[in-house]
Amino acid sequence: MLFVEDNYLIAESAVDALGAKGLDVHPVPDARSAFELFRRGHFDCAVIDVELAGDMDGVELARRILLVQPDFPIALATGYDASLCGAPADVPVFQKPYRFEEIRASICPRVLARR
(Lines give C-alpha, C1' and ligand atoms only; values in the text may rest on other atoms or scores of the structure.)
Protein backbone atom coordinates (compact mmCIF):
# COMPACT_ATOMS: atom_id res chain seq x y z
CA MET A 1 0.00 0.00 0.00
CA LEU A 2 1.22 3.46 -0.92
CA PHE A 3 0.30 5.72 2.01
CA VAL A 4 0.72 9.40 1.16
CA GLU A 5 0.58 11.57 4.27
CA ASP A 6 2.72 14.54 5.29
CA ASN A 7 1.97 14.10 8.99
CA TYR A 8 4.70 11.80 10.31
CA LEU A 9 2.67 10.55 13.28
CA ILE A 10 -0.29 9.55 11.12
CA ALA A 11 1.99 7.84 8.60
CA GLU A 12 3.80 5.87 11.31
CA SER A 13 0.48 4.93 12.91
CA ALA A 14 -0.68 3.62 9.52
CA VAL A 15 2.46 1.53 9.13
CA ASP A 16 1.86 0.00 12.57
CA ALA A 17 -1.93 -0.45 12.40
CA LEU A 18 -2.22 -1.61 8.79
CA GLY A 19 0.98 -3.61 9.01
CA ALA A 20 -0.51 -5.52 11.93
CA LYS A 21 -3.34 -6.50 9.55
CA GLY A 22 -0.87 -7.93 7.06
CA LEU A 23 -0.48 -4.96 4.71
CA ASP A 24 2.93 -3.77 3.55
CA VAL A 25 2.62 0.00 3.96
CA HIS A 26 5.04 2.43 2.27
CA PRO A 27 4.63 5.95 3.73
CA VAL A 28 5.49 8.90 1.48
CA PRO A 29 5.26 12.55 2.63
CA ASP A 30 4.48 14.32 -0.66
CA ALA A 31 2.64 13.82 -3.94
CA ARG A 32 5.59 14.16 -6.33
CA SER A 33 7.66 11.53 -4.52
CA ALA A 34 4.60 9.29 -4.28
CA PHE A 35 3.91 9.51 -8.01
CA GLU A 36 7.52 8.66 -8.88
CA LEU A 37 7.46 5.72 -6.47
CA PHE A 38 4.14 4.56 -7.94
CA ARG A 39 5.57 4.63 -11.47
CA ARG A 40 8.71 2.69 -10.47
CA GLY A 41 7.23 0.21 -8.00
CA HIS A 42 4.39 -2.20 -7.66
CA PHE A 43 1.58 -1.26 -5.31
CA ASP A 44 -1.83 -2.82 -4.85
CA CYS A 45 -3.56 0.32 -3.58
CA ALA A 46 -3.06 3.83 -2.20
CA VAL A 47 -4.37 6.00 0.61
CA ILE A 48 -3.74 9.66 -0.13
CA ASP A 49 -4.21 12.72 2.06
CA VAL A 50 -5.98 15.48 0.12
CA GLU A 51 -3.98 18.33 1.69
CA LEU A 52 -0.31 17.84 0.95
CA ALA A 53 2.58 20.28 0.98
CA GLY A 54 4.12 21.19 -2.34
CA ASP A 55 2.75 21.95 -5.77
CA MET A 56 0.53 18.85 -6.11
CA ASP A 57 -2.31 17.96 -3.75
CA GLY A 58 -3.73 14.51 -3.11
CA VAL A 59 -6.64 14.88 -5.53
CA GLU A 60 -4.26 15.70 -8.38
CA LEU A 61 -2.06 12.76 -7.40
CA ALA A 62 -5.09 10.45 -7.47
CA ARG A 63 -6.04 11.75 -10.93
CA ARG A 64 -2.52 11.17 -12.26
CA ILE A 65 -2.38 7.65 -10.85
CA LEU A 66 -5.76 6.85 -12.39
CA LEU A 67 -4.58 8.13 -15.78
CA VAL A 68 -1.76 5.59 -15.66
CA GLN A 69 -3.87 2.78 -14.17
CA PRO A 70 -7.63 3.50 -14.30
CA ASP A 71 -8.69 0.61 -12.05
CA PHE A 72 -6.12 1.29 -9.31
CA PRO A 73 -7.79 1.24 -5.85
CA ILE A 74 -7.40 4.62 -4.11
CA ALA A 75 -8.92 6.15 -1.00
CA LEU A 76 -8.55 9.83 -0.15
CA ALA A 77 -8.52 11.32 3.34
CA THR A 78 -9.24 14.89 4.44
CA GLY A 79 -9.66 16.91 7.58
CA TYR A 80 -12.06 19.22 5.75
CA ASP A 81 -15.48 18.67 4.20
CA ALA A 82 -15.06 15.48 2.18
CA SER A 83 -17.81 16.45 -0.26
CA LEU A 84 -15.90 19.56 -1.34
CA CYS A 85 -12.50 18.06 -2.15
CA GLY A 86 -13.24 17.28 -5.81
CA ALA A 87 -12.36 13.60 -5.64
CA PRO A 88 -12.45 11.60 -8.87
CA ALA A 89 -15.56 9.46 -9.39
CA ASP A 90 -15.58 6.16 -7.51
CA VAL A 91 -12.77 7.23 -5.16
CA PRO A 92 -13.92 7.05 -1.54
CA VAL A 93 -13.06 10.02 0.68
CA PHE A 94 -12.60 9.48 4.41
CA GLN A 95 -13.10 12.26 6.89
CA LYS A 96 -10.30 12.66 9.45
CA PRO A 97 -10.08 11.41 12.04
CA TYR A 98 -10.77 8.02 10.51
CA ARG A 99 -10.11 4.52 11.72
CA PHE A 100 -7.47 2.53 9.86
CA GLU A 101 -9.89 -0.41 9.86
CA GLU A 102 -12.29 1.68 7.75
CA ILE A 103 -9.54 2.32 5.23
CA ARG A 104 -8.55 -1.35 5.13
CA ALA A 105 -12.18 -2.46 4.70
CA SER A 106 -12.62 -0.03 1.79
CA ILE A 107 -9.39 -0.73 -0.07
CA CYS A 108 -8.65 -4.41 0.56
CA PRO A 109 -11.79 -5.93 -1.04
CA ARG A 110 -11.03 -3.96 -4.23
CA VAL A 111 -7.44 -5.23 -4.17
CA LEU A 112 -8.48 -8.85 -3.67
CA ALA A 113 -11.03 -8.57 -6.48
CA ARG A 114 -8.25 -7.51 -8.89
CA ARG A 115 -6.12 -10.59 -8.16
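Two strands count as paired here if DSSP finds at least two bridges between them. With that in hand, here's a quick tour of this predicted model. The 5 strands make an open, parallel sheet, and the largest nonpolar core brings together 23 residues.

**The sheet**
- Reading across the sheet, the strand order is β2-β1-β3-β4-β5.
- β2 (26–28) and β5 (93–95) sit at the edges with a single partner strand each, so one side of each has no neighbour in the sheet.
- From one strand to the next, the twist averages 20 degrees.
- β1 and β3 are parallel partners joined over 3 bridges, and Val-4 stands opposite Ile-48 of β3.

**Helices on the sheet**
- Helix α1 (residues 8–19) packs on the sheet and touches β1 and β2; its direction is about 155 degrees from that of β1.
- α2 also lies across β1 and β2, and runs at about 170 degrees to β1.

**The cores**
- In the largest core, the residues with the most contacts inside it are Leu-2, Ile-48, Leu-61, Ile-65, Phe-72 and Ile-74.
- The top contributor is α3, which puts in 5 residues.
- Leave out residues up to four places away in sequence, and Leu-61 touches Val-4, Ala-31, Ala-34, Phe-35, Ile-48 and Met-56.
- There's also a second, separate core of 14 residues, with Leu-18, Cys-45, Ala-75 and Ile-103 among them.

Note on methods. Residues are numbered from 1 along each chain as its sequence is written. This is a predicted model: local features need pLDDT of at least 70, side-chain atom pairs count only at pLDDT 80 or more; totals for chains, interfaces and linings use all residues. Side-chain values use heavy atoms; hydrogens and water are left out. A nonpolar core is a set of buried Ala, Val, Leu, Ile, Met, Phe, Trp, Tyr and Cys residues joined through side-chain atoms within 4.5 Å. Buried means under 20% relative accessible area, exposed over 50%, partly exposed in between (1.4 Å probe, protein chains only). Helices (H or I, at least four residues) and strands (E, at least two) are DSSP runs, numbered from the N terminus. Contact means heavy atoms within 4.5 Å. Axes are lines fitted to C-alpha atoms, for helices over the stretch in contact, and angles run from 0 to 180 degrees between N-to-C directions.
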